[in-house]
Amino acid sequence: MPIVGIDYERCNGCRLCIQECRFYSLDEAKNNVLFEDLDNMCMLCGHCIAVCPQDAIIYEDFGDEAFAFEGIEKLDSIVPYDNLYKFLRGHRSIRQYKKKEVPKNILKKVLDLMQHAPTASNLRYEKYAIVSDQEILKSLSDEVIDTLFNKLGMRAQYGESFEARKKNYANPLFHDAPHVIFVSSMFDMQLADHNIGIIITYGRLAAQSLGLGTCWNGFINIASQHNKKIMKLAGVRGKRIGAFMIGYPNITFKRAPPRSRKPVKGLKLD
Ligand SMILES: Cc1cc2nc3c(=O)[nH]c(=O)nc-3n(C[C@H](O)[C@H](O)[C@H](O)COP(=O)(O)O)c2cc1C
């Protein structure tokens with residue numbers, strides 16, 4: 001169990017860790033031993049570590065260290081809304097990539113931030129893979145398109161658009177991106193798709209902050225539910241899968257497109 005307890009030499013008794021913990025059990029009789037029965041309850045969210053003003057939570061074996069930085073207590077000073085607004089509105093799905101691989105140290109940064117995405121109950125049941133081998137990506141593309149057309153009867157819906165893409169791309173599914181990142185989940189429930197979606201969004205935004213472009217690939221998700229070979233080719237195991245292309249964009253956008261605002265029940269937007 002990575003959370004071992006409290007360093008009472010440092011602890012000032014503020015109890016913030018207890019207030020913050022979703023599952024705390026405080027046994028007054030045992031001299032305020034926090035985390036009673038921890039093995040059964042703690043979901044390793046690390047909020048106790050994050051909140052302690054004295055850095056008094058003792059932990060081990062997270063495979064990572066807590067990260068303190070200037071501005072942690074005022075995150076809006078690091079990315080104020082106006083900057084985030086531009087960053088998110090300028091965020092585009094990229095379907096044209098330079099024929100250039102992304103250096104491993106940059107890809108690592110993307111995959112690192114993906115693993116800081118929240119997951120339901122902090123379970124973190126996801127597996128990750130990156131495929132850069134264009135032959136494997138071509139086999140995946142063929143397998144996905146075959147599944148969509150021949151197993152799922154989607155030729156009428158997508159046949160023409162894939163045919164058109166073949167004129168510009170050797171790999172019409174992945175738009176000739178140099179890399180595709182896959183995230184799979186061992187969970188077979190809808191929450192798994194939420195987790196994967198959030199993880200991918202973290203990765204895509206991290207990529208954008210590094211000068212990279214990305215695009216979701218929803219077809220992988222659909223086809224993988226009907227063809228086991230897809231996960232195998234992607235090199236991941238699990239019940240659900242999500243994927244996105246990543247590379248250096250070969251296109252620049254001059255403005256963000258207009259998007260009508262959907263009405264929000266309970267709040268007038270204009
Ligand atoms: C869940 C999801 C799946 C998507 N799947 C694909 C896909 O398979 N291929 C593709 O080219 N774009 C895909 N997209 C990109 C959308 O088409 C794109 O987000 C939308 O057209 C808006 O464009 P923008 O992302 O540039 O704002 C997907 C987006 C999402 C959110």
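Analyst: The questions below go from the whole protein to one helix and then to a sheet. Please keep in mind that this is a predicted model.

User: How many helices and strands are there in the protein?

Analyst: The protein has 11 helices and six strands. Its C-alpha trace spans about 70 × 45 × 45 Å along the principal axes.

User: And what share of the residues count as buried?

Analyst: Of the 270 residues, 26% count as buried. As for contacts between residues at least 6 apart in sequence, 80% of them join residues at least 24 apart.

User: Let us turn to H7. How many residues has it, and how far does it reach?

Analyst: Helix H7 covers residues 134–151, which is 18 residues. From its first C-alpha to its last it reaches 25 Å, close to the 26 Å expected at 1.5 Å a residue.

User: Which residues of H7 are buried?

Analyst: They are Leu137, Leu140, Ser141, Glu143, Val144, Thr147 and Leu148. Seen down the axis of H7, these buried residues fall within an arc of 165 degrees, so they line one face of the helix.

User: What covers the buried residues of H7?

Analyst: The cover includes two strands, E3 (126–131) and E4 (179–185). It also includes the helices H8 (155–168), H10 (218–224) and H11 (229–234).

User: Which residue with a positive phi follows H7?

Analyst: That residue is Gly153, with a phi near 60 degrees.

User: Changing topic, what is the order of the strands in the open sheet?

Analyst: The open sheet has four strands in the order E3-E4-E6-E5, and their pairing is antiparallel. E3 and E5 (213–216) are the edge strands, each pairing on one side only. From one strand to the next, the twist averages 20 degrees.

User: How many bridges are there between E3 and E4?

Analyst: E3 and E4 pair over six bridges, in the antiparallel sense. In this pairing, Tyr128 stands opposite Val183 in E4.

User: Which helix packs on the sheet, and what does it touch?

Analyst: Helix H9 (residues 190–209) packs on the sheet and touches E3, E4, E5 and E6 (240–247). The direction of H9 makes about 10 degrees with that of E6.

Methods: Residues numbered from 1 in each chain as written. Predicted model: local features only at pLDDT ≥ 70, side-chain atom pairs only at ≥ 80, totals over all residues. Expected span 1.5 Å × (residues − 1). Buried ≥ 20, exposed ≤ 12 C-beta atoms within 10 Å, placed from the backbone. Arc of directions from axis to C-beta. Contact = placed C-beta atoms within 7 Å. Pairing = 2+ DSSP bridges. Axes fitted to C-alpha atoms, helices over the stretch in contact; angles between N-to-C directions.
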